[in-house]
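Work through the exercises below with the coordinates open. Each task is followed by a stepwise solution.

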Amino acid sequence: MSDQLSNAQPQFLTVGEGEAAREIATLVRPAQTGNGAPALVWLSGYRSDMSGTKAVELDGLAAELGLACIRLDYSGHGLSGGSFRDGTISRWLEEALAVIRHVAPDRVILVGSSMGGWIALRLAQELARQGGPKLAGMVLIAPAPDFTSELIEPNLKAKERKSLAERGYFEERSQYSPEPNIYTRALIEDGRKNRVLDGIIETGCPVHILQGMKDADVPHAHAMKLVEHLPADDVVLTFVRDGDHRLSRPGDIALLLSAVKGIIRSSTNRQMPA
């Protein structure tokens, strides 16, 4: 069965209305009948998609354990419609929320990589505010909450500020792709509205953060700062001494899957009667 499901065709969900409507590609693995464990939700990073190594490995774990797994490509990413340059945290958050509400699991474990960690934290806030699936846990890989205001804006060069002012975006070379990274004025301005590191974040669930200490994109001090904003939650922070930003090596993947299994176990224990 898992082989068939691993070759599943993506489904598309329309999010937004009128000119803002875009087709969001999803890959949803249903849970095995009778498996009441939380659904795993994969949230990719900036310019990453649901077919990356960590996303596929997470889906493989779901297959092995009989769990549901929800993956999506944000607009402008992967198989989804919409323009990448129209992308903002609010827009991608809206899409992730719409997909989760469409699939409608009872409980979820959010697994967010880089920018996906920021989306996960905003999802926790929105699910608490609006209602929806119960959050059973989070695993955040090199999380980059508030990266636009914390990591990009303070380091802008004069020519990048000029490009933002005159063209509405600036480009920088990507070490992961021949195409440059593009950061728009809309992304940066919207990022300020989605800040989470300006007060206490209450997820109401256990959080496991994995962070490489040789991460050139998100310094490990950023993960430590995030922990300070999660004082009410059960938080584990695991540093990988020689880990980079992607944390996609076999040992890193093993660490990720172990962290997810730990959250699954703790969610099962919390469901048991005292």
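**Exercise 1.** Does Glu95 count as buried or exposed?

Solution. The model is predicted. The cut-off for buried is under 20% relative accessible area. Glu95 has 0% relative accessibility, so Glu95 counts as buried.

**Exercise 2.** Find the salt-bridge partner of Glu95 and state which parts of the chain the pair ties together.

Solution. Step 1: Arg22 forms a salt bridge with Glu95, with 2.6 Å between the closest N and O atoms. Step 2: Arg22 belongs to strand E2 and Glu95 to helix H3 (residues 89-103), so the pair ties together parts 73 residues apart in sequence. Step 3: Arg22 has 4% relative accessibility and therefore counts as buried.

**Exercise 3.** Describe the salt bridge between Arg71 and Asp59.

Solution. Step 1: the closest N and O atoms of Arg71 and Asp59 are 3.6 Å apart. Step 2: Arg71 is in strand E4 (residues 69-72) and Asp59 in helix H2 (residues 53-65), 12 residues apart. Step 3: both Arg71 and Asp59 are buried.

**Exercise 4.** Where do Lys162 and Glu166 lie?

Solution. Step 1: both lie in helix H6 (residues 158-167), 4 residues apart, about one turn of the helix. Step 2: Lys162 and Glu166 form a salt bridge, the closest N and O atoms being 3.4 Å apart. Step 3: Glu166 has a relative accessible area of 57%, so Glu166 is exposed.

**Exercise 5.** How many salt bridges does a search of the whole structure find?

Solution. The search finds 13 salt bridges. A network of salt bridges links Asp146, Glu150, Arg195 and Lys225.

Note on methods: Residues numbered from 1 in each chain as written. Predicted model: local features only at pLDDT ≥ 70, side-chain atom pairs only at ≥ 80, totals over all residues. Heavy atoms only, no water. Salt bridge = Lys/Arg side-chain N within 4 Å of Asp/Glu carboxyl O. Helix = DSSP H or I, 4+ residues; strand = E, 2+ residues; numbered from the N terminus. Buried < 20%, exposed > 50% of the residue type's maximum accessible area, 1.4 Å probe, protein only.
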